[in-house]
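Welcome, and thanks for taking a look at this one.

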Amino acid sequence: MASRLLSFQFPKSLLSATRVYNHSHHLTVFSRCLSTQTGSKNVSCRIDKDVAIIKFDAPKSKVNVLSRDVFSEFTSIFNEAQKNDAVKSIVVMSGKPGCFIAGADISMLDAFRSAEELTKLAQDGQGVLMNVEKCSKPVVAAIMGSCLGGGLEVALACHYRIAVKDKKTVLAVPEVMLGLLPGAGGTQRLPKLAPLPKALEMMLTGKNVRADQARKLGIVDQLVDPIGPGVSFPEQNTLSYLEEVAVGTARQLSLGKLKINRTPPLFQRLMNSFFATNFGLNMVFKKARESVMRQTKGLYPAPLRILDVARIGLEKGSRAGYLAEAQGFGQLGMTTESRALIGLYLGQTACKKNSFGAPKRPAKELAVLGAGLMGAGIAHVSIERGFQVVLKDVSAQGVARGEHQIQKGLSDAVRRKKMTSFEKDKVYSRLFPTTSYDRFNTVDMVIEAVFEDIKIKHRAIKEIEERVPPHCIIATNTSALPITRIAEASKRPEKIIGMHYFSPVDKMPLLEIITTAKTDKDTIASAVDVGLRQGKVVIIVKDGPGFYTTRILAPTLSEAIRLLQEGVGPVELDKASKNFGFPVGAATLTDEVGVDVAAHVAEDLSAAFGARFGGADVNVLKDMVQRGFLGRKSGKGCYLYEANVKERNVNPEMEALLRKYQIAPKKENTQAHIQFRLVTRFVNEAVLCLQEGILASPLEGDIGAVFGLGFPPMKGGPFQFTDTFGAAKLVDKMKELTDLYGVQFTPCQMLLDHAKDPSKKFHKRNN
């Protein structure tokens, strides 16, 4: 039960042996360079004849990140190389094959309490990289692995850039995903290298650019092909080769044997000339602003500020541009949107770790029971991540349908250049479609994705247990059925666990793992391990009706139906939802979830929780089901769905049906009133889940709501939203709504406690 979420996503020391030359001068040079490293932990330097090789290599970390300490180390070492007369050129690179620099250390931003402090931080970074840009000696960036955010800004400040042409080497400025802008010169340097529309696209979307794409854009000057295994692993061999090429290139630049030529093709030169005119500049920025407003509705301040800052640099020059960039970084860093997005980033990072430790026997082979939409999706993401997967369905037609879905997904990946045809065939070879249980005797985990019916689930559990080895874990993919009830059919309930995937599985990042009182720790560790290896962001919740995500969505959809009964049209309801920040409107979401599923869940959860899940008349949903208005899957719901038709029309029969259940509104349903009716029910149920122990932490609650249900990312999730908006204000709103509509708006005790004590925050970083 989920909407498509706007993806955002918001990615051993290998120092080469030092060469020492007999000539005393080179020994002196080496000693001087080494002396700069006293106390340096993250940056090192060595001399290869007349080339200084500066390497970022954070100890005990897979990635390099920029912090004040790292910048300080780099500045000290770079200045020493710059002053050294024996050094004629400089190479800047990483000691890690998989990462050049992954960006800034986001956690350090929590220490800043004002826009002025953040502006100073940006100006300090700009100063460091301006020193690199103005260096009289050629500076070459040798890029292998992720080159993101501040990492790309470091590379852009260098005079020449060489990158490895492989999948892991990507360049991006993803600050916009954190509600920020590139603050160390990126908004000023990128538009001068890449075509203006492409530079703006990179800054506004944060998308990764492959090395070969970066070469075409003019961001990278030279590509290096990866090399295979030899004495060392391929990655280390490639890194050594990159260093060799970079040193040679730096030396040629210093000797004047290599001239930097970034002259674009004739057509691009003509376009650049056009973009330099007032008319061209106005057109590009007008279209970019229109695109931003269409996609974000102005709810995210960072993209609009990026456009302003980039334009200032182009129209008023570098001095004004760098100042605007630093001030923009400082002001954006203090916005509630940025704090919310940074909180999500940190939460997402935390949810990609297995807090239950490594499983005793990590799963290698999986079985998926049921080849429908969900089962095929689970199989798809599993084979892509290296699992061997047995995909079983009761009929050959069912299996064929699942195979077709997976093949289509893989073919789409080839078309988008995410993989080659050879890689597609290799991935698909890991799938074993079948109508029998024959291969189940070797699998480590079975994920059943059969129909949402307790009797069918029980039968599936019994059949599976008769055929799997003793260590095998049985996971059930369900959106609402209590796992404890499903486990009643099992002889070994400690091996039963819930794994709630979201549709479409290959696009939705969240996995909600549900544990019962009998689920053992190793089963949980194994389920989390599988989820993480599938590339999912994992939250772990306790069992209960609706678990967490379905439970908090249900009262929101109930309120949406109630609003429809009061005469709010589907279009108006969707507009109010989306203007609050939801990527999908409430009426559309009902159609996407499936009206039959919504009716089933509404009935079950109303029985479990009583009046708190009331508000709407559940007979509206039942009547829709009887008439075949199941939503998108049946072509009719709140809207009509026709092939190849983007503009949906409201279902006229639905309007007639609603008149049968019409309720007089108790207050004018303004957009703000509609939004608070939807959001307060969502938030209250989320807080109640924390109060009752269904959730272990507010962090997982926010991650689940945003990445599973599309809660507005710029608001950070229900708990971050409560901290920012204020629990007292929220409770006051809910009390007004309770007086108007009834007990379903009664604030829970934990929310009341936070309202009484302003010092209570769900997230410590908000104190």
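Which residue does the side chain of E465 meet in a salt bridge? The partner is R492, with N and O 3.9 Å apart. Please keep in mind that this is a predicted model.

**Other salt bridges**
- Over the whole structure, a search finds 35 salt bridges.
- E685 pairs with R551, and their closest N and O atoms are 2.8 Å apart.
- This pair links distant parts of the chain, with E685 in helix α26 (residues 671–691) and R551 in helix α20 (residues 549–565), 134 residues apart.
- Both E685 and R551 are buried.
- D623 and K660 meet through their side chains in a salt bridge of 3.0 Å, N to O.
- Here helix α24 (residues 618–626) provides D623 and helix α25 (residues 652–660) provides K660, the two residues being 37 apart.
- D623 counts as buried at 7% relative accessibility, whereas K660 counts as exposed at 55%.
- One network, joined by salt bridges that share partners, takes in E559, R562, E566, R677 and R681.

**A buried lysine**
- K96 is located in the loop between β3 (89–94) and β4 (99–101).
- With a relative accessible area of 6%, K96 is buried.
- The K96 side chain has a polar contact with the side chain of D57 at 2.9 Å.
- That K96 side chain also reaches the backbone oxygen of S61, at 2.7 Å.

**The second largest pocket**
- The volume of the second largest pocket is about 590 Å³.
- Its lining is made up of 29 residues, and L193, L217, R262, P264 and N272 lie nearest the centre.
- By type, the lining residues are 16 nonpolar, six polar and seven charged.
- At least two lining residues come from each of the helices α5 (186–193), α7 (211–217), α9 (266–275), α10 (278–296) and α11 (301–316).

Technical notes
Residues numbered from 1 in each chain as written. Predicted model: local features only at pLDDT ≥ 70, side-chain atom pairs only at ≥ 80, totals over all residues. Heavy atoms only, no water. 1 Å grid on protein atoms, 1.4 Å probe; cavity = no way out; pocket = protein on both sides within 12 Å on 5 of 7 lines; lining within 4 Å. Points joined across faces, edges and corners; volume = space filled by probe spheres on them. Helix = DSSP H or I, 4+ residues; strand = E, 2+ residues; numbered from the N terminus. Nonpolar A, V, L, I, M, F, W, Y, C, P; charged D, E, K, R; others polar. Buried < 20%, exposed > 50% of the residue type's maximum accessible area, 1.4 Å probe, protein only. Polar contact = N/O pair within 3.5 Å; in protein donor to acceptor, adjacent residues only side chain to side chain. Salt bridge = Lys/Arg side-chain N within 4 Å of Asp/Glu carboxyl O.
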